[in-house]
Amino acid sequence: MPSAASLAPFPWTDVWGQDDAVDALRTAASDPAALSHAWLITGPPGSGRSTLAYAFAAALIADSPDDEHTMRQVLAGTHPDVTALRTDKVIITIKEARSLVERSYFAPSAGRYRVIVVEDADRMVERTSNVLLKALEEPPENTVWILCAPSEADLLPTIRSRVRPLRLREPDVDDVARLIVQRTGADEVTAEQAARHSQRHIGMAQRLATDDAARRRRDTTLRSVLGVRGVGSAVEVAGHIIQAATDDAKALTAERDAAERSSLLRTVGIAEGQAVPPALRSQISALEDDQKKRATRSLRDGIDRVLTDLQSMFRDVVMLQYGRGDDLINRELRDDLSAMAQAWPVTRTLVVLDHLAETREALERNVAPTLALESLLVTVASGRKP
């Protein structure tokens, strides 16, 4: 059965499994007394933070609950009273933050409110966060900020103290599987496996359910790590993981990069294949620089996804070591994981899990991915951190 939230009226129809959050934001959009000038929507990856943020923006800007035309404009990203910041780069820059603050002081041009949506508020360093503080401390009239992040702890206390938090719930595996069946037409077995392997991340579950290559790549990666026995194999497997993540990142960004370059050339009146005049080369260089930063973020996100999968696998080993094998994420690997659980002491598995967490943090600090993975896999092979 679909949840009550999935049956909510437009523009909330794409928000799934977040009944309480939808109720709170619908009330805020219709009752000024319930509306805060700044909101922080938090929840695990794939929980629908951005979907909910834009539905809220649409409800805020529309003249009435029946103003579907305006709400569709907002959801399509074409309404002038919505300014959105979504980044594919490692961090949100101070320049981008200043631009948002400047826009926040503009009066609404057509709707009831001006809405500023920051999809990746956790990607602001302290200096960048401080740029937002004044706008949040002294909010312009009729402007509403909507920040999205995995958790409140990802933002500075000074930011958290100036926003109203709204925490999204984590869906169950069965709930995600049903949604994937509805959205993609995948069979129930594949959808359940995708929901479980993605750890209930809706976007990743949808990809796993519809992409055979992604499912094979995940299985191959986990089995190759299970086969690591020494430094030599650790280095080899780390290289394979980096190469697979690089290829995946290129596949995800290449088409978009080409389309952006083609669009820019058309905008400045340059035909495909024509030489770029010197006066316009700086624009091309700026685009290429942004694309390189996005590619770096995409690669690091891909590696982080691998590390998340590895965490799920070694979490399963700990569960088996404590006699709780009825709730495995990677059931398909039960025999191999059971053998490891019997061969290893619990302390060794916990050392690996600790190093996994440290590796994810190191990658966020721009440590070289290959070296970080090699170090991690040496720990898997030896049970000791290098």
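Here are some questions and answers about this predicted model.

Residues are numbered from 1 along each chain as its sequence is written, and side-chain values use heavy atoms, with hydrogens and water left out. Since this is a predicted model, local features need pLDDT of at least 70 and side-chain atom pairs count only at pLDDT 80 or more, while totals for chains, interfaces and linings use all residues.

Q: How many helices and strands does the protein have?
A: Helices (H or I, at least four residues) and strands (E, at least two) are DSSP runs here, numbered from the N terminus. Going by that, the protein comes to 15 helices and five strands.

Q: What share of the residues is buried?
A: Buried means under 20% relative accessible area, exposed means over 50%, and partly exposed is in between (1.4 Å probe, protein chains only). Out of 386 residues in the protein, the buried share is 46%.

Q: Among contacts between residues at least 6 apart in sequence, what percentage join residues at least 24 apart?
A: A contact means heavy atoms within 4.5 Å. With that cut-off, the percentage is 69%.

Q: How far apart do the centres of the positive and negative side chains lie?
A: Lys and Arg count as positive and Asp and Glu as negative, with His and the chain ends not counted. Each charge is placed at NZ of Lys, CZ of Arg, CG of Asp or CD of Glu. The protein has 49 positive and 56 negative side chains, and the centres of the two sets are separated by 4 Å.

Q: Is the pair of Trp39 and Phe56 stacked or edge-to-face?
A: Rings of Phe, Tyr and Trp (its six-membered ring) pair if their centres lie within 6.5 Å; planes under 30 degrees apart count as stacked, over 60 as edge-to-face and the rest as tilted. A search of the whole structure finds two aromatic pairs. In the one made by Trp39 and Phe56, the centres are 5.3 Å apart and the planes sit at 80°, so the pair is edge-to-face.

Q: Which parts of the chain does the pair of Trp39 and Phe56 tie together?
A: Both Trp39 and Phe56 are buried. They are 17 residues apart in sequence, so the pair ties together strand β1 (residues 38-42) and helix α2 (residues 49-61).

Q: Where does Trp344 lie, the partner of Phe314 in an aromatic pair?
A: Phe314 and Trp344 are stacked, with 6.0 Å centre to centre and 10° between the planes. The two are 30 residues apart, and Phe314 is in helix α12 (residues 281-321). Both are buried. Trp344 itself is in the loop between α13 (334-343) and α14 (346-364).

Q: Is Arg297 buried or exposed?
A: Arg297 is found in helix α12. At 6% relative accessibility, Arg297 counts as buried.

Q: Which residues does Asp309 touch, leaving out those up to four places away in sequence?
A: Asp309 is in helix α12. Its relative accessibility is 9%, so Asp309 counts as buried. The residues touched are His197, Arg218 and Leu222.

Q: Which residue is joined to Phe10 by a cis peptide bond?
A: Omega for this bond is about 10°.

Q: What is the phi of Asn142?
A: Asn142 is in the loop between α5 (126-137) and β4 (143-149). With a relative accessible area of 34%, Asn142 is partly exposed. Its phi is positive in a residue other than glycine, near 65°.
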